[in-house]
Amino acid sequence: MYRRATGPVGTTAFITFLLGIPILAGGIWLSSSATDCIRFLQLPLIILGVTLMAISLFGLSAACYGQRKLIRFFLFLLFLFLFALLFFIIFAYAVTDKGKGQVVTNRSFLEYLLNDYSGWLKDKVADGEYWEKVNDCLHRSGKCGVAMARYVRDPNSGLLVPESADAFYQRKLSPIESGCCKPPTSCGYTYVNETVWNPVPGVPATDPDCNRWSNDQQVLCYECDSCKAGVLATTRRHWRKVSKINIVVLVLLVILYFIGCLAYRHAKRAHYDETYGVNRMSKATPSIFRF
Ligand SMILES: *[C@@H]1O[C@H](CO)[C@@H](O)[C@H](O)[C@H]1NC(C)=O
């Protein structure tokens with residue numbers, strides 16, 4: 001039997017199993033609504049993680065039984081998986097290709113414009129029906145509520161009051177906070193607290209978002225283009241993080257795949273040699289393939 005391949009292939013399968021964990025964790029992290037209200041690639045990512053683990057378990061048992069055909073099939077599945085993962089990484093980069101926040105003078109946070117984004121994901125988010133779902137999720141996640149509020153003690157009255165406008169302008173807001181919880185800076189509205197802003201009478205609104213803004217805490221700027229852009233920016237950020245992990249996993253898998261193939265080929269030759277009485281298993285054999 002092919003006992004000679006058992007060690008390295010078994011080790012390979014064990015490590016590929018462990019590499020399924022970060023992929024799966026990435027998918028689960030993105031699925032939690034606290035993280036991201038856009039859900040379209042989370043499920044494929046979870047499926048990829050589980051698939052890699054299943055393939056690895058198969059490889060482990062193949063290695064245990066020392067079955068040549070099963071080991072070969074395991075390496076073939078691993079090969080297919082590499083392509084699936086590569087395809088996934090390219091897709092994730094392609095759909096989150098463009099767009100970043102805009103710097104505004106005298107503000108530490110960035111502003112988000114829908115026109116900075118393009119492509120399939122933008123069209124999907126801009127679409128009314130899909131936006132309703134995302135909007136629902138945004139409301140439930142409560143990012144514009146207490147999580148955003150900051151209070152300071154007023155030295156005169158000793159009461160807690162909202163932070164000053166200047167303090168607010170120095171904050172680093174998340175794309176959702178900047179796009180959905182306040183009106184765009186270009187509207188020139190005056191700050192009352194983080195989520196209450198009053199129009200200056202007589203100043204015409206240039207951006208349609210200015211008219212979409214409402215001090216009703218259930219409305220705010222949730223229907224604004226800036227909010228959609230903020231959601232897109234968030235999705236992009238999260239997908240880029242997950243893709244980086246996936247790239248590391250892919251590189252490690254390619255290396256493991258070649259180690260597995262080498263071990264398999266070496267074991268095959270050794271088997272041939274044993275069967276036909278050739279003695280090539282010698283000092284030339286790299287130690288990791290010797291048992
Ligand atoms: C701002 O004030 C309004 C009205 O008093 C309040 O409902 C809202 O929660 C406050 N916003 C924040 C972020 O504290």
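The model is a predicted one. What about the overall dimensions? Along the principal axes, the C-alpha atoms take up a box of roughly 95 × 40 × 30 Å. The radius of gyration of the chain is 28 Å, whereas a compact globule of 291 residues would come in near 19 Å. As for burial, 42% of the 291 residues count as buried. Asn 156 is found in the loop between β3 (151-153) and β4 (160-162). With a relative accessibility of 75%, which is over the 50% cut-off, Asn 156 counts as exposed.

Next come the salt bridges. A search through the whole structure turns up five of them. One of these joins the side chains of Lys 182 and Glu 111, with 2.7 Å from N to O. This pair links distant parts of the chain, since Lys 182 belongs to the loop between α7 (175-180) and β5 (190-193) while Glu 111 belongs to strand β2 (residues 110-111), 71 residues away. Lys 182 and Glu 111 are both buried.

Arg 171 has two partners to talk about. Its side chain meets that of Glu 163 in a salt bridge of 2.6 Å, N to O. Arg 171 also forms a salt bridge with Glu 194, and here the closest N and O atoms are 3.6 Å apart. Glu 194 sits in the loop between β5 and β6 (196-198) and Arg 171 in the loop between α6 (165-169) and α7, so this pair ties together parts that lie 23 residues apart in sequence. Through shared partners, the salt bridges join Glu 163, Arg 171 and Glu 194 into one network. Are these residues buried or exposed? Glu 163 has a relative accessible area of 5%, so it counts as buried. Arg 171 is buried because its value, 7%, falls under the 20% cut-off. Glu 194 is buried as well.

Charge also shows up on the surface. Which residues make up the patch of positive charge there? Arg 68, Lys 69, Arg 72, Arg 265, Lys 268 and Arg 269 gather in it. The elements giving two or more residues to this positive patch are α3 (68-95) and α9 (225-276). Arg 68, for one, has its place in helix α3. At 32% relative accessibility, Arg 68 lands between the 20% and 50% cut-offs, so it counts as partly exposed.

Finally, a couple of residues have backbone angles worth a look. Most residues other than glycine have a negative phi. Asn 106, however, has a positive phi near 65° without being a glycine. Asn 106 lies in the loop between β1 (102-103) and β2, and at 66% relative accessibility it counts as exposed. Leu 220 is not a glycine either, yet its phi is positive at about 45°. Leu 220 is placed in the loop between α8 (208-212) and α9. With a relative accessible area of 1%, Leu 220 is buried, whereas Asn 106 is exposed.

Key: Residues are numbered from 1 along each chain as its sequence is written. This is a predicted model: local features need pLDDT of at least 70, side-chain atom pairs count only at pLDDT 80 or more; totals for chains, interfaces and linings use all residues. Side-chain values use heavy atoms; hydrogens and water are left out. Patches are made of residues with over 30% relative accessible area and no salt bridge: like charges are joined within 9 Å, nonpolar side chains (Val, Leu, Ile, Met, Phe, Trp, Tyr) within 5 Å. Accessible areas come from the Shrake-Rupley method with a 1.4 Å probe; for residues, only the protein chains shown count as cover. A salt bridge is a side-chain nitrogen of Lys or Arg within 4 Å of a carboxyl oxygen of Asp or Glu. Lys and Arg count as positive and Asp and Glu as negative; His and the chain ends are not counted. The place of a charge is taken as NZ of Lys, CZ of Arg, CG of Asp or CD of Glu. Helices (H or I, at least four residues) and strands (E, at least two) are DSSP runs, numbered from the N terminus. Buried means under 20% relative accessible area, exposed over 50%, partly exposed in between (1.4 Å probe, protein chains only). The radius of gyration is taken over C-alpha atoms; the globule rule is 2.2 Å times the number of residues to the power 0.38.
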